[in-house]
Amino acid sequence: MRSVLYRFPDLQQFEQIVCDPEERDLELGLPAGEAVADGEWVLAIFELGENRRATSAAACASVSPEGARLTFEPRDWHRLAHFARTEAPRPGSVPDTDAAALLRAADGAGAAPAGVQGAGPAGRAPPPPAPPRLKGKGSRVLVVDDDPHIRELLSAMLEAVELTVVAVASAEEALARVRGSPFHLVVLDWNLPKMTGIDLCRTLRQEPGLRDLPVLFLTAHASSQDMVEAFASGADDYMVKPFRAPELGARIFSLLRRTRRFTS
């Protein structure tokens with residue numbers, strides 16, 4: 001599924017649009033430079049402010065002589081409005097990422113996303129699904145980071161390419177999760193409240209049922225010595241914050257491909 005990128009200078013302008021009581025049609029015009037096909041399902045990405053906080057929602061495109069528009073399901077529109085009302089921008093809390101770039105890596109041809117049902121604008125049914133270029137459907141990813149904004153951003157990015165994401169704030173909770181249900185990848189921060197990411201990785205490598213679980217470190221620790229320590233603890237891959245979404249996506253799917261939990 002392709003993505004369409006909207007950029008807003010701040011949360012307030014985004015809120016004015018999605019929370020407008022006069023907005024009855026649940027529609028938005030297409031951003032400049034974007035193009036869609038009539039009846040195509042796309043993922044609308046909303047980047048907010050200089051720190052590029054992001055949220056997203058699926059929409060169905062309609063093209064007429066008056067121009068192209070995206071129509072949203074009521075539940076998705078209401079979720080965007082809730083996000084706008086409850087979230088406040090926190091400068092410096094989100095890494096320099098391009099959320100839309102990761103989603104463009106999953107660019108498919110107009111298939112309706114999972115969980116989106118019903119007819120499109122003017123009673124048109126969604127187009128028949130097309131073979132996806134890149135999906136993670138069926139793969140479960142555990143995100144471990146004590147920063148709630150990182151957890152939110154990673155969850156949105158990975159769920160958009162049909163990965164099932166569970167996000168937790170501590171190594172202790174992560175350990176309980178992987179012991180209780182199967183996962184196919186762990187995206188792990190180094191600095192955690194009690195047990196560190198390094199300690200968690202070492203623990204996973206000592207447990208027979210978990211020692212083969214892929215672990216990708218995503219951390220602000222940037223020195224070569226830190227990287228050596230992470231790989232010595234059993235890490236499969238290592239990325240430094242702030243990260244770029246296309247590279248993160250490529251590395252995640254590479255690890256999933258190794259475990260044959262990746263559908264292409």
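Start with helix α7, residues 224-232, which lies across β9 and β10 and runs at about 150° to β10. Helices (H or I, at least four residues) and strands (E, at least two) are DSSP runs, numbered from the N terminus. Axes are lines fitted to C-alpha atoms, for helices over the stretch in contact, and angles run from 0 to 180 degrees between N-to-C directions; contact means heavy atoms within 4.5 Å.

This is a predicted model: local features need pLDDT of at least 70, side-chain atom pairs count only at pLDDT 80 or more, and totals for chains, interfaces and linings use all residues. Residues are numbered from 1 along each chain as its sequence is written, and side-chain values use heavy atoms, with hydrogens and water left out.

Next, select 197-206. This is helix α6, lying across β8 (185-188) and β9 (215-219), at about 175° to β9.

Now show the sheet. Its 5 strands are ordered β7-β6-β8-β9-β10, in an open sheet with parallel pairing. Two strands pair if DSSP finds at least two bridges between them. From one strand to the next, the twist averages 20°.

Zoom to β6, residues 140-144: 5 bridges join this strand to β7, and the two run parallel. R140 has T164 in β7 as its bridge partner.

Finish at L154 in helix α4, residues 148-159. Is L154 buried or exposed? L154 is buried, at a relative accessible area of 3% (buried means under 20%, exposed over 50%, partly exposed in between; 1.4 Å probe, protein chains only). Leaving aside neighbours within four places in sequence, L154 is in contact with V143, V187, L218, F243 and L248.
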